[in-house]
Structure formats: C-alpha cells, structure tokens
Amino acid sequence: MKIKILRVEDKLLIDADIFDSKIIKLNLPSIADGWRFNFKKHSKERRFQTFVVVCEDSPSIIEGCLIFEMKNKIEPYMAFVEIAPHNKGKSRRYEKVAGCLIAFACRLSFMKGDDTYRGWLAFDVLEVDKEDEIKLMAMYSKKYNALKYGDTMMVIPPEGSEKLIDEFLN
C-alpha cells in the first residue's frame, strides 16, 4: 500500500510503502538490531502477519514494523508495532510511520473483523514501569483515538479507526 511519511529534515512528504514481509525480501529487525521487539522471531508465528514500512528511495531500510493477528479468528489485534530506532528522538529521520502502521492495522480490522469486531482494533500496552505505561496509554488515546479497556488493553473503535485511515492512508 502506498503511503506518505514526513522527512523531518526538510518537512517533505516522502513516498513509502507498507508491504507484507512475505512479499519483500528483507531481514526483519530484532533486538540485536537495536529494536525493542524481535520481529524476526515473532513473525514466524503462524497466526501473525508482519508488515513493514520502507521508503521508495531506500527500499532496503525498514522504517517501521507491525505484527497483526486475528485472535480466535474473529478479533483484530495489533500484537506489535514499532518504529525504527533511527526514527526516534530529536534526530529522527521520519515522522508518521507509527500512525501509518496503526491506521493500516485499523484498515485490516475492517477487512478481516467479523460483524461484531469490524473496525475495532485491540492491543495491549505493557511497560515494565507503570508510569511509562500510563504515559504511553495517554499518547495512544490522544494521538490515535484509543480507549482504555481493562488494565493493559486499549481499543480503537470504528469511528477512531476511520479517522486514522483518513489521516494516514488517504
């Protein structure tokens, strides 16, 4: 899927793609590469679908990664999402990568969710430090229309999913 991400240095929108990792032949990132999650390992789970963001002018560099799951074959679930380490902090290269991946997961929730779960995207926020977890949940609420559901679970309702799809994928 064609998307646009924001190059920070000149504030230009850059053409990028979201690919199923089975289609694109790249080594998926892992903890050894400085990422927080081991996408290389987790992508091997049969129930997971793995997607990556790459820029059209640098197709060998992964800018962000998503693992999507259909829990119990009916419930759309974002198992893992992460932006590349070079897209974090003050010296980051690109913005909007996480938004595009989360919006893409929302799109998948409309495509794959059954009637009850169509357009709903669930995910868990798990941090070692409870204070970090609360801050992260607040960010997901503000930036991505997520609602807290239980201790660690959040959901993006269909209306919020549609807004994200409009903002990041259209």
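Which element gives the most to the lining of the largest pocket? In this predicted model, the answer is β5, with 7 residues. The pocket itself has a volume of about 880 Å³. Its lining comprises 32 residues. Val81, Ala98, Leu136, Met139 and Tyr140 lie nearest the centre of the pocket. Several elements give two or more residues to this lining: β5 (75-83), β6 (94-95), α2 (97-112), β7 (121-124), α3 (130-144) and α4 (158-168). By residue class, the lining divides into 19 nonpolar, 10 charged and 3 polar residues.

Phenylalanine 37 sits in the loop between β2 (12-20) and α1 (39-42). Methionine 137 is 100 residues away from phenylalanine 37 along the chain, and the two C-alpha atoms are separated by 18 Å.

Strand β2 also holds residues of interest. Aspartate 17 is found in this strand. Is aspartate 17 buried or exposed? Its relative accessibility is 8%, so aspartate 17 counts as buried, the cut-off being under 20%. The side chain of aspartate 17 makes a polar contact of 3.3 Å with the side chain of lysine 2. Lysine 2 is also among the residues that aspartate 17 touches, as are Met1 and Ile3. Further contacts of aspartate 17 are with Val52, Val53, Val54 and Glu56. Residues up to four places away in sequence are not counted here.

Phenylalanine 19 lies in strand β2 too. At 27% relative accessibility, phenylalanine 19 counts as partly exposed. The C-alpha atoms of phenylalanine 19 and cysteine 65 are separated by 9.7 Å. These two residues are 46 residues apart along the chain. In a regular strand, side chains alternate between the two faces of the sheet.

The pairing of the strands comes next. β2 and β3 run antiparallel and pair over 5 bridges. Within this pairing, isoleucine 18 has valine 53 of β3 as its bridge partner. Strand β3 covers residues 48-55. Of its 8 residues, 7 are buried, and the strand is thus described as mostly covered. β3 is also joined to strand β4 (residues 58-71) by 8 bridges, again in the antiparallel sense. Phenylalanine 48 has glutamate 69 of β4 as its bridge partner. How many residues lie between β3 and β4 in their hairpin? There are 2 residues between them.

Technical notes:
Residues are numbered from 1 along each chain as its sequence is written. This is a predicted model: local features need pLDDT of at least 70, side-chain atom pairs count only at pLDDT 80 or more; totals for chains, interfaces and linings use all residues. Side-chain values use heavy atoms; hydrogens and water are left out. On a 1 Å grid over the protein atoms alone, a cavity is a set of points where a 1.4 Å probe fits but cannot get out, and a pocket is an open set with protein on both sides within 12 Å along at least five of seven lines; lining residues have an atom within 4 Å of a point. Grid points are joined across faces, edges and corners, and a volume is the space filled by probe spheres set on the points. Helices (H or I, at least four residues) and strands (E, at least two) are DSSP runs, numbered from the N terminus. Ala, Val, Leu, Ile, Met, Phe, Trp, Tyr, Cys and Pro count as nonpolar, Asp, Glu, Lys and Arg as charged, and the others, Gly among them, as polar. Buried means under 20% relative accessible area, exposed over 50%, partly exposed in between (1.4 Å probe, protein chains only). A polar contact is a pair of N or O atoms within 3.5 Å; within protein, one must be able to donate a hydrogen and the other to accept it, and residues adjacent in sequence count only if both atoms are side-chain atoms. Contact means heavy atoms within 4.5 Å. Two strands pair if DSSP finds at least two bridges between them.
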